Amino acid sequence: MPVFTSFNEQHILTLFVIVLGMITIPAVVRYINSTSFTNIATLSIAIILLLIKIGEPLFRVFSGWEWLNQLPLQLCDIGAIVIGLFLLYRKTILFELGYFWGLGGGIQALFTPDLKYGFPDINFIFYFITHG
């Protein structure tokens, strides 16, 4: 497993892919301009976020990690769950909380990740999907 180093080619490429996705996904949804497609895209992102935030701790616990260290209590974890719930229920308060929690923690986490291993480690994938 390759060791993760901040701002190496792998990190820069991952940040580039995240920015590309942040531009491409909304552009495609607007280009298609279909309510049903927008709902499918929104539901897909919500399900991915919630499944990862529920599945990641379970995966780690069943892989032998101590369960007390796997509770999703960090601000980014809670922010991702809140954004997933917002995408499902469309409540303004969920957006406002997720926006500010995600904006502060998510951007910092993308530029200063606390990872031991790089791609293709599953923790690398979980980390950048939920923070990006």
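Author: From the N terminus on, the elements of the protein run α-α-α-α-α. The count is five helices and zero strands, where helices (H or I, at least four residues) and strands (E, at least two) are DSSP runs, numbered from the N terminus. Please note that this is a predicted model, in which local features need pLDDT of at least 70, side-chain atom pairs count only at pLDDT 80 or more, and totals for chains, interfaces and linings use all residues. Residues are numbered from 1 along each chain as its sequence is written, and side-chain values use heavy atoms, with hydrogens and water left out.

Reader: What percentage of the 132 residues count as buried?

Author: Buried means under 20% relative accessible area, exposed over 50%, and partly exposed in between (1.4 Å probe, protein chains only). By this criterion, 32% of the 132 residues are buried.

Reader: Which residues of α5 are buried?

Author: They are N123, F124, F126, Y127, F128, T130 and H131. With seven of its ten residues buried, α5 is mostly covered. These buried residues pack against α1 (9-32), α2, α3 and α4.

Reader: With which residues is H11 in contact, leaving aside its neighbours within four places in sequence?

Author: Contact means heavy atoms within 4.5 Å. H11 has its place in helix α1 and is buried, with a relative accessible area of 0%. Apart from those sequence neighbours, H11 touches F4, T5, S6, L110, F111, P113 and F128. F128 is also one of the buried residues of α5. For the protein as a whole, residues 24 or more positions apart account for 62% of the contacts with a separation of 6 or more.

Reader: How many salt bridges does a search of the whole structure find?

Author: A salt bridge is a side-chain nitrogen of Lys or Arg within 4 Å of a carboxyl oxygen of Asp or Glu. The search finds three. In one of them, K53 pairs with E56, and the closest N and O atoms are 3.1 Å apart. These two residues are three residues apart in helix α2 (residues 35-62), and are therefore separated by about one helical turn.

Reader: Which parts does the pair of D77 and K53 tie together?

Author: D77 forms a salt bridge with K53, with the closest N and O atoms 2.7 Å apart. Because D77 lies in helix α3 (residues 75-89) and K53 in helix α2, the pair ties together parts that are 24 residues apart in sequence. D77 is buried at 11% relative accessible area, and K53 is buried at 5%.

Reader: Which residue forms a salt bridge with R60?

Author: The partner of R60 is E56, the closest N and O atoms being 3.0 Å apart. R60 and E56 are four residues apart in helix α2, and so about one helical turn separates them. R60 is buried, with a relative accessible area of 15%, while E56 counts as buried at 8%. Through shared partners, the salt bridges join K53, E56, R60 and D77 into one network.

Reader: Which residues does a cis peptide bond join?

Author: The cis peptide bond joins F119 and P120, with omega about 15°. P120 has its place in the loop between α4 and α5.
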